[in-house]
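Let's take a walk through a protein model together. Keep the sequence and the 3D view side by side, and look up each spot as we get to it.

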Amino acid sequence: MAMGYLGSNADDDWKVRGRGYFDYLSMRSLFQDFYMKDDDIKIKSFMMHDIVHDFAEFLRKNVGSRMKNTTCKDCSHLLVSRVEKYRSLFLCKEVLDPHVCDCLTSVRLLDLRGCGLQAIPKEIEKLIHLRWLDLGYNEFVGDDLKSICKLYNLQFLWVGWCGLQEIPLEIGNLRELIHLDLSGNRGLRELPESLCNLSKLESLDVNWCSSLCGLPQGIHRLKKLKHLYNKDTDSLKQYPKGIAELTSLVTLNKVFPCDGNKVGWLKNLNRLSGEVEMWIEISSCCDSVEDARETELGIKMHIQELRIYFYGSTTTTDGRGKQVKDTSSSSSSTSVSNEVLDALHPHPNLQHLTIRGYTGSRLPGWITSPLNQLTSIELHLCECLSLLPPLGKLPLLETLEIRVLSRLESVGREFLGIATSSSMGTIAGGFPKLKKLKFWKCINWKKWEDITVEEEEEDNVAISIMPCLTELEIRDCSRLTDLPQRLMRKVSSSLKVLHIYGSKLVDALKPYPNLRELIIYHYEGSQLPRWITSPLNQLINVELWFCEGLSSLPPLGNLPLLETLRIEGLHELEYVGREFLGIATTTTTSCSSGTNNIIDGGFPKLKKLSFWRCPKWNKWEDIQ
């Protein structure tokens with residue numbers, strides 16, 4: 001980038017071009033030893049291939065003898081040679097200490113990220129050939145940036161997490177700037193209008209600028225802007241009118257109202273991709289519905305993750321000035337919310353969907369279309385939903401989270417989305433790819449309807465219900481007292497992680513042969529089910545949270561594979577006896593070796609044991 005190898009006249013994104021070149025060179029074996037973190041597709045580091053490195057060294061072996069000698073008293077020979085060889089310096093704080101030397105002016109890439117700088121010397125303006133400058137994670141004031149603003153060839157600038165509270169007007173002088181990173185400057189309240197002079201700017205990062213109240217009014221002049229990163233900009237509530245003209249935008253993390261339109265101004269931003277978070281205010285008028293239709297989400301095929309957050313006032317003031325719920329507007333708000341979500345029909349390519357604060361009484365039909373490619377859905381604070389739609393129809397859904405549905409009372413069989421084809425004798429739906437299912441704080445949920453005997457018997461029909469389910473979590477659903485036993489037997493072979501809340505649900509559990517993790521919350525019984533401590537279990541992690549009915553601990557030492565055990569909030573626990581270790585001696589007799597004693601239990605694989613907040617615990621019995 002800094003050397004200009006990516007080109008400056010291409011119409012596509014410089015990141016896309018760069019990645020394309022990198023992939024091509026990787027295919028040609030220029031690089032090796034790629035490192036990626038678990039569950040991450042991004043490459044964290046890599047190395048030049050050994051053969052390529054040796055060849056490069058061979059080509060440059062005589063460079064040292066041909067370099068002109070420097071007589072500079074302030075800079076080391078090594079520092080100058082690095083500038084002349086590579087025109088790049090990484091983490092070289094000495095380049096600015098005590099001043100910038102003339103012999104370093106040919107540098108094009110300068111990385112001083114996290115070098116503990118307290119200020120930027122004015123003489124940095126001598127580095128007139130700089131294309132790439134990273135000053136992130138240093139602390140200095142906005143006036144220090146004025147020297148940087150004279151680096152007229154600068155294309156990439158990082159000043160994120162520098163404690164900046166203002167950006168100087170001179171930032172508009174950097175007419176070649178392509179990327180500007182201001183992220184993490186939490187005291188930054190506004191951006192100067194001169195920033196809109198940066199006609200070549202493609203990427204602006206204001207992530208985590210929590211005090212930023214607005215964007216420049218002239219933002220429409222940034223015609224080449226493709227990426228506006230604005231996660232966690234809590235003070236930013238509205239966009240200037242011109243943002244709707246930035247039809248090249250590919251990244252826009254948050255969508256706020258603009259010039260009277262709530263979200264309809266997105267109509268022409270058809271290149272949006274990645275994740276989009278929409279904040280929609282619901283009012284009891286039809287304007288909200290029409291505004292939602294104007295977004296035309298259905299043709300924005302590159303959006304992969306959509307988070308829709310609803311907000312709006314459903315309260316009014318009584319005669320004494322007290323805030324009370326406005327029941328007259330609540331019903332109309334519910335109707336409008338239904339229509340608004342109907343209108344926000346995304347493209348089937350969408351993979352992740354989150355709906356929060358929704359006050360509608362039903363979910364739209366587009367959510368359960370089998371044509372969808374949704375892999376995860378989260379429903380949070382949808383207070384008026386009393387029924388769940390047939391989400392089991394979704395063929396690729398892997399994660400489903402249901403949180404704080406206060407009116408949900410029953411989950412019926414229709415939730416599974418099972419549809420039988422009489423001609424083929426097969427069954428569609430039933431969550432064929434679901435891996436994680438979570439219910440949180442559904443305080444009025446009382447019943448989970450079980451599958452039928454015919455649906456449980458696999459021999460009768462080609463049926464598959466939740467065949468991939470590995471994680472089930474039910475928390476703070478206190479009125480649910482039983483589990484669908486036939487359904488639980490159906491998923492028992494695949495279930496590996498189980499988080500469960502409440503005594504009656506725990507008592508309703510049956511042995512699950514492949515379970516690896518079990519977390520129990522608020523168990524009020526005096527004794528856990530015996531199968532939990534069976535030596536046949538495959539449990540690796542067990543946690544007991546606020547099980548106030550337990551005054552003693554079961555023989556968890558029986559578990560042959562247990563590695564982690566956490567005990568927290570057992571307020572009635574006073575005594576931990578030897579039985580906790582689960583030690584059992586078995587005597588065997590043979591002709592060759594005589595009598596042998598075999599000891600089982602004793603936590604043979606335990607690595608981590610934690611006790612937290614057990615205030616009455618006063619004795620731990622020792623071994624003999």
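Helix α2 (residues 50–59) gives the most to a negative patch, with 3 residues. (Helices here are DSSP runs of H or I, at least four residues, and strands are runs of E, at least two, numbered from the N terminus.) The patch sits on the surface and gathers D33, D50, D54 and E57. To be in a patch, a residue needs over 30% relative accessible area and no salt bridge, and like charges are joined within 9 Å. A salt bridge, by the way, is a side-chain nitrogen of Lys or Arg within 4 Å of a carboxyl oxygen of Asp or Glu. The accessible areas come from the Shrake-Rupley method with a 1.4 Å probe.

Zoom in on E57, which lies in helix α2. Its relative accessible area is 45%, so E57 counts as partly exposed (buried is under 20%, exposed is over 50%, and partly exposed is in between).

A quick word on what you're looking at: this is a predicted model, where local features need pLDDT of at least 70, side-chain atom pairs count only at pLDDT 80 or more, and totals for chains, interfaces and linings use all residues. Residues are numbered from 1 along each chain as its sequence is written, and side-chain values use heavy atoms, with hydrogens and water left out.

Now for the strands. Which order do the 8 strands of the open sheet follow? They go β3-β4-β5-β6-β7-β8-β9-β10, with parallel pairing. (Two strands pair if DSSP finds at least two bridges between them.) β3 (88–90) and β10 (251–252) stand at the edges with a single partner strand each, so one side of each has no neighbour in the sheet. Inside the order, β7 (residues 179–181) and β8 (residues 203–205) are joined in parallel by 3 bridges, and H179 faces S203 in β8.

Strand β18 (residues 399–403) runs parallel to β22 (residues 436–440), with 5 bridges between them. T399 has K436 in β22 as its bridge partner. K436 also stands opposite E471 in β24, and β22 pairs with β24 (residues 471–475) in the parallel sense over 5 bridges.

Finally, visit two loops. Y137, between β5 (132–134) and α5 (145–148), has a positive phi of about 60° although it isn't a glycine. L381, in the loop between β17 (376–380) and β18, has a positive phi near 60° and isn't a glycine either. Y137 is partly exposed at 43% relative accessibility, and L381 is partly exposed at 29%.

Key
Buried means under 20% relative accessible area, exposed over 50%, partly exposed in between (1.4 Å probe, protein chains only). Patches are made of residues with over 30% relative accessible area and no salt bridge: like charges are joined within 9 Å, nonpolar side chains (Val, Leu, Ile, Met, Phe, Trp, Tyr) within 5 Å. Lys and Arg count as positive and Asp and Glu as negative; His and the chain ends are not counted. The place of a charge is taken as NZ of Lys, CZ of Arg, CG of Asp or CD of Glu.
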